[in-house]
Structure formats: structure tokens, C-alpha cells
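User: Could you walk me through the structure shown here?

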Amino acid sequence: MPEGMSEEQHDFQTEIAKAALMLVRLQPENIKDKRELDWSHEGIVAFSKICTHVGCPINLYEQQTHHVLCPCHQSTFDLSDGGRVIFGPAGHALPQLRIRANDQGYLEAMGDFSEPVGPAYWERG
Amino acid sequence: MSTTSDGAAQRRGKAPAGERVADWADGRLGIYSLAKANMRKIFPDHWSFMLGEVCLYSFIIIILTGVYLTLFFHPSMAEVTYEGPYVPMQGVRMSEAFQSTLDISFEVRGGLLIRQIHHWAALVFLAGMFTHMMRVFFTGAFRKPREINWLFGFLLFFLGMLTGFTGYSLPDDLLSGTGLRFIEGVFLSIPVVGTYISMFVFGGEFPGTDLIARLYPVHVLLLPGIMLGLLVAHLILVFYHKHTQYPGAGKTEKNVVGMPLLPVYMAKAGGFFFLVFGVIAALSAIATINPIWTIGPYRPDQVSTGAQPDWYMGFAEGLVRVMPGWEITAWGHTLVLGVFIPIVLFPLVLFAIGLYPFIESWITGDKREHHILDRPRNAPTRTAFGVAWMTAYFVMLVGGGNDLWATHFHLSINSITWFVRIAFFVGPVLAFIATKRICLGLQRRDKDKVLHGRETGIIKRLPHGEFIEVHEPLAQEQLHTLTQHEQPEPYEIGPEVDENGVKRKIKRSQKLRSKLSKGYYGENNVIPKPTREEYHEITSGHGHH
């Protein structure tokens with residue numbers, strides 16, 4: 001959870017609707033996308049959990065194939081290849097969050113997502 | 001003499017209490033003339049006419065149970081921590097809407113049963129409307145003078161879907177919240193104004209804190225209010241037009257053959273109401289529906305597998321699931337076709353059947369009133385269109401449940417999705433062709449039965465050794481039913497040049513109409529029914545078998 005965020009705060013639902021995250025550990029040599037590798041830490045990658053189709057939280061991860069499937073409309077993303085859409089109605093890849101390990105060994109985000117998370121919309125560009 | 005007239009006067013003076021009450025009411029409401037005009041109103045009888053009744057009764061059940069639920073439901077998204085009697089949810093944060101739904105399920109007397117009846121009745125209501133609509137469609141009951149009433153019915157079906165959706169969204173559980181998130185995605189996909197609409201509806205960013213409170217009046221007041229109005233209008237028109245009847249001996253366009261409203265029809269209808277109520281109540285007592293206590297409260301970062309809308313949204317769901325994810329980004333804007341196209345297709349496909357009566361009457365040019373129903377086989381093109389439409393609808397229901405098909409039948413979700421994508425286009429065409437052939441085949445069989453009689457299954461051996469099957473001529477009533485239908489000529493544009501050889505102006509719409517009309521009544525689309533002469537020739541000849 002982002003720093004300072006708690007279930008009790010009044011806009012928790014609205015925040016978690018955007019900030020929800022998937023953390024997955026891959027073998028670094030399995031990561032096909034160069035930027036994905038750069039933004040990962042020892043094979044640990046962080047992707048937005050909010051489906052780019054219509055915003056369901058994606059949660060069916062298949063460890064062997066690194067595919068993740070959205071249970072709502074079955075969009076399938078390849079987490080070893082930049083979160084690319086490989087099947088289903090989603091229109092673009094899952095946004096990745098750049099992470100690293102800090103001095104104490106905790107994973108931390110190096111800033112916000114570089115693009116809007118969730119479904120596409122007119123002004124997204 | 002005088003004693004009798006005295007007796008009569010006495011009887012008049014002391015009318016029975018019931019009669020006096022009736023007199024009192026008649027003086028104020030005019031019930032005698034109303035009753036005189038309507039008590040003997042005739043309703044034809046057929047099992048398929050009960051489909052509409054199922055809708056009416058389930059609607060009444062929904063309203064009755066819905067009123068009860070409003071007494072206990074709190075349409076609020078304010079966050080609370082559950083401390084009620086259901087142990088697995090204790091200490092869980094949830095909205096007041098969800099908490100009050102838990103309370104209805106576990107603490108309110110009869111609450112769970114009423115909730116389940118409300119939900120089951122809604123499913124039955126929509127299923128009833130769908131089948132009722134199909135009955136009306138396939139029998140041509142929508143023809144003049146009933147086009148407006150068809151539209152009212154269609155709107156009831158459409159609004160019923162919306163009311164159902166807003167209803168199952170109210171408990172603010174994980175499943176319904178997921179449905180609302182989908183609605184956000186739908187709004188966002190609308191070009192130019194999508195984000196504004198989404199912000200307006202949700203009162204800011206999704207999910208916000210306003211939505212449940214907004215859905216509530218829409219679900220309990222606005223939509224049901226409109227539906228009640230449409231329903232009353234629908235029934236008034238049924239009364240006013242009089243009910244249609246299936247063809248048969250003694251039935252004409254100018255009479256109605258059946259049972260009077262009172263007592264027969266009222267008794268049947270009243271009994272049927274309790275049957276419908278009983279079946280729905282039994283269903284609700286036996287089969288759990290929407291167990292929100294196992295689904296849990298909504299959190300935008302959680303979801304469960306097998307997420308399905310109620311069945312009537314399955315068609316829309318299918319469109320959304322199988323659409324390829326097309327997104328066009330240009331000049332700093334994104335066109336989200338992958339979501340927008342299905343959402344436009346959804347009402348378009350539905351309205352294709354909704355507006356069909358007007359299209360058919362334009363094609364056929366038939367402006368007469370029809371009170372005798374068509375036998376579906378005698379309108380092959382319409383029947384084929386209806387079956388094609390239903391095929392598209394059911395293919396998309398499969399699409400909407402593609403995950404369940406995959407897990408239940410151990411199929412690949414990708415192949416199911418591809419199957420649906422192709423079948424949505426190919427299926428209706430195949431269904432159209434097959435249905436039309438079957439209809440024409442049935443017409444041929446009717447013709448054969450009229451001319452050669454019914455196959456009795458009795459094999460007779462003739463003196464010279466030949467075996468024949470004995471055919472029995474049909475009764476006069478059956479002959480009537482099989483031959484009463486009209487077979488109009490297709491619409492012709494007429495000669496392309498007038499008497500002076502000058503080329504006439506022919507509108508493109510006329511050409512289209514003529515072509516479509518041939519598709520309805522043209523040579524290969526109708527089996528000419530047996531004529532009187534043919535019948536006499538065959539039946540008067542000797543030794544027919």
C-alpha cells in the first residue's frame with residue numbers, strides 16, 4: 001500500500017481503485033522486454049492490477065507461463081513481456097511500476113506510474 | 001294479484017345487504033355498466049398466452065417483496081465495521097448498504113426469503129418477458145393494430161434489464177461492485193464526453209461515495225414507475241384491441257372465441273398467480289441466489305473468479321468479452337472501440353427486434369388489422385429472422401459465460417471466444433437458412449395432409465399383393481386450420497416505363513422493398529397452399545389412398 005494510506009481513510013476505495021498492484025517474481029533471464037527488466041529488481045516486477053479493459057482487478061496468475069488473466073472478461077497479459085495483451089478484449093499493455101530495493105532491502109517505487117492505469121478513455125492519448 | 005305486487009314491493013324495500021352496497025357503489029362509480037361491458041369479455045385460450053401472465057405476476061411479486069426490502073435497506077456507501085451476528089464478516093469494513101443487506105439476510109424476520117424471492121422473481125420476470133416476446137413475434141401478434149403495444153412490451157423488457165442491473169448493484173458486494181466498475185469502463189469508452197459522464201454519474205472518481213445512493217431512487221422509483229405505467233398501458237391495450245387467437249374453425253378476424261372474463265378467466269388467472277408465486281417462493285426457499293455473505297463487500301482491488309452478471313445481461317457481457325481489444329490513438333485522443341462497439345451493438349441488436357413490426361409492415365405494405373395469429377411456418381421469412389436473432393442472442397450468452405463453459409467442459413477459453421466471434425456472424429445465417437427450409441417443409445407437409453389425408457399407420461394388403469398405407473382424410477376443422485392462411489403476392493414495382501415508353505422514376509427504397517417483399521412472398525419462399533380444385537380433384541377421384 002502506498003505510504004500513509006490506510007483502510008480507514010475516507011477515499012481509500014477511490015485510491016485503491018487506481019493504486020492496486022501485482023508483484024511477481026520471475027527469473028530475470030525470462031524477462032523478454034528490455035524496459036521491463038530495467039524497471040524490475042532481481043526479477044521482481046510490479047504491474048498495475050487494474051485491467052486496461054474495463055478496470056477489474058486482475059488476479060489469475062499462471063506461474064509457468066507468466067500469463068495473468070482477468071477473471072471478468074478474460075483479457076490475458078504476458079508479465080514476462082512488458083504486460084503485453086496476448087488475448088481478450090483489453091486494448092493496451094498493463095502499466096509497469098518502476099521499483100528498486102532501498103538501503104534497508106525493502107522494495108520501493110521510484111515514482112508513480114508513467115501512464116494512466118485502468119481502462120482507456122478519450123483524453124488518454 | 002294484490003298480494004303478489006305487495007310482495008314484490010316488500011322485496012324491493014328490503015334488498016339484501018350485498019345488493020345495497022353494490023347499488024351504493026354503482027351510484028358513485030358506475031360499476032354496473034362497467035361490469036356489464038367487461039364481465040363477459042371473451043379471452044381465447046392457449047397455453048402460450050400464459051407467458052405474458054407469468055410476467056405480470058412476477059412483476060407484482062417483485063413490487064411486493066421490493067417494498068418490504070426498502071424498509072430495511074440503507075442505500076449508503078458510508079464505511080462501517082461489521083459487528084453483527086454473522087461471524088465470518090465480523091470486523092470487516094464494508095459500506096452501510098452491504099451491512100444492511102447482511103442484516104436483511106440474517107436478522108430481519110423473513111428477510112432472506114423475501115430477498116431471494118425478489119431476486120428470483122426478477123430472473124423469472126425477464127425470462128418470461130423474453131419468451132412472451134418471442135411468442136408474440138413468431139405468431140405475428142405484433143401486426144396492426146398491436147405495433148404500439150409490442151413497443152411497450154419491448155420497452156418493458158429493456159427497462160427490466162436496467163432495473164435488474166441497478167437492483168443487483170445495490171448491495172455493494174464484491175460481484176456487483178465489479179459490475180459497476182465495468183460500467184465505469186463503458187462510460188470512459190464513449191468518445192469526447194466519456195470521462196465527464198463517468199465523473200457525473202459516480203460523483204467524481206470511481207467508486208466515490210455517491211453511487212449507491214443514486215442508484216437507489218432509480219431502482220425503486222424511477223424505473224419501476226415508468227414500468228408500471230407501461231405495464232398498465234400494455235394491459236389496457238390488450239383489453240382494447242381484444243386478445244388475438246390462433247386460427248381454427250369458427251374463428252375469424254371479426255370475432256373472439258374463448259371463455260368469458262368472469263368467472264372462468266378470472267378464476268384461471270387468479271389461480272395461476274398463486275402458482276407462479278408458489279413456484280418462485282419454492283425456488284427461493286430451495287436455491288440460494290446471490291449469497292452476498294460469501295462474496296463479501298466490494299473493494300476495487302479484489303475480485304473472484306466466475307464473475308457473472310444475471311442472465312439477462314449475459315448478451316451484453318458476451319459482446320464485451322469477445323470483442324477484440326481495438327484501440328485507436330491519434331491526435332492525442334483515444335478511441336476505445338474495443339468497449340464502445342459492443343456497447344453500441346447491444347441496444348442496436350435489441351432494437352432490431354423491437355422495431356421489426358414497422359419494418360415488416362413497410363415491406364409487406366399490409367395495412368389491415370390482424371387478430372388471427374400466424375402459424376410460424378406460414379411466415380417462413382419472419383420465423384427465420386426471429387430464429388436468426390435468437391441464435392445471435394444465445395451465441396452471445398455463451399460468450400458472456402465463456403469462463404464457465406471453459407471450466408465446466410474443460411475447453412480452452414481462447415477457442416470458445418473464437419467460436420463465439422465466428423458464430424455470432426455465421427450462426428444467424430445458418431439458422432436463417434435452416435429455419436426457412438424447415439418452415440417450407442412443414443408447409444409441404446400441411447399441403448400433403450390436406451390433399452392426401454393423415455397417415456394412419458395401418459398397412460393394407462391389396463388382393464394383388466401390393467401393400468399400401470391407409471390415409472385418412474382430415475376432419476373439416478383441421479382442413480380449415482391448415483388452409484386458412486393468406487398467401488399475398490409480393491410487392492411489385494410495376495413496369496419500368498410508362499405507356500409512352502418514358503422511363504419511370506423508381507426510388508431505391510422501392511427496389512429494396514420489392515426485393516425484400518419477394519423474400520417474404522416470392523416464388524421460393526412460399527409453398528402454394530392447396531386450392532379447392534386440387535382438393536376436389538383428388539378427393540372425388542376413386543381409389544385414393
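Predicted model: local features only at pLDDT ≥ 70, side-chain atom pairs only at ≥ 80, totals over all residues.

User: Happy to start with helix packing: at what angle do H17(B) and H18(B) pack?

Analyst: Residues are numbered from 1 along each chain as its sequence is written, with chains lettered from A and ligands numbered from 1 in the order in which they are written. Helices are DSSP runs of H or I with at least four residues, strands are E runs of at least two, and both are numbered from the N terminus. With axes as lines fitted to C-alpha atoms over the stretch in contact, and angles running from 0 to 180 degrees between N-to-C directions, the axes of H17(B) and H18(B) lie 9 Å apart and the angle is about 130 degrees.

User: Which residues of H17(B) make the contact?

Analyst: Two residues are in contact if their C-beta atoms, placed from the backbone, lie within 7 Å. H18(B) brings Ile413(B), Ile416(B), Thr417(B) and Val420(B). From H17(B) come Asn402(B), Asp403(B), Trp405(B) and Ala406(B).

User: How many residues does chain B give to its contact with chain A?

Analyst: Chain A supplies 32 residues. The count for chain B is 42 residues.

User: And which element gives the most to that side of chain B?

Analyst: Several elements give two or more residues, including H9 (194–202) and H18 (413–452) of chain B. The most, 7 residues, comes from H8(B).

User: How many strands does chain A have?

Analyst: The pattern along the sequence of chain A is α-β-α-β-β-β-β-β-β-β-β. That gives 2 helices and 9 strands.
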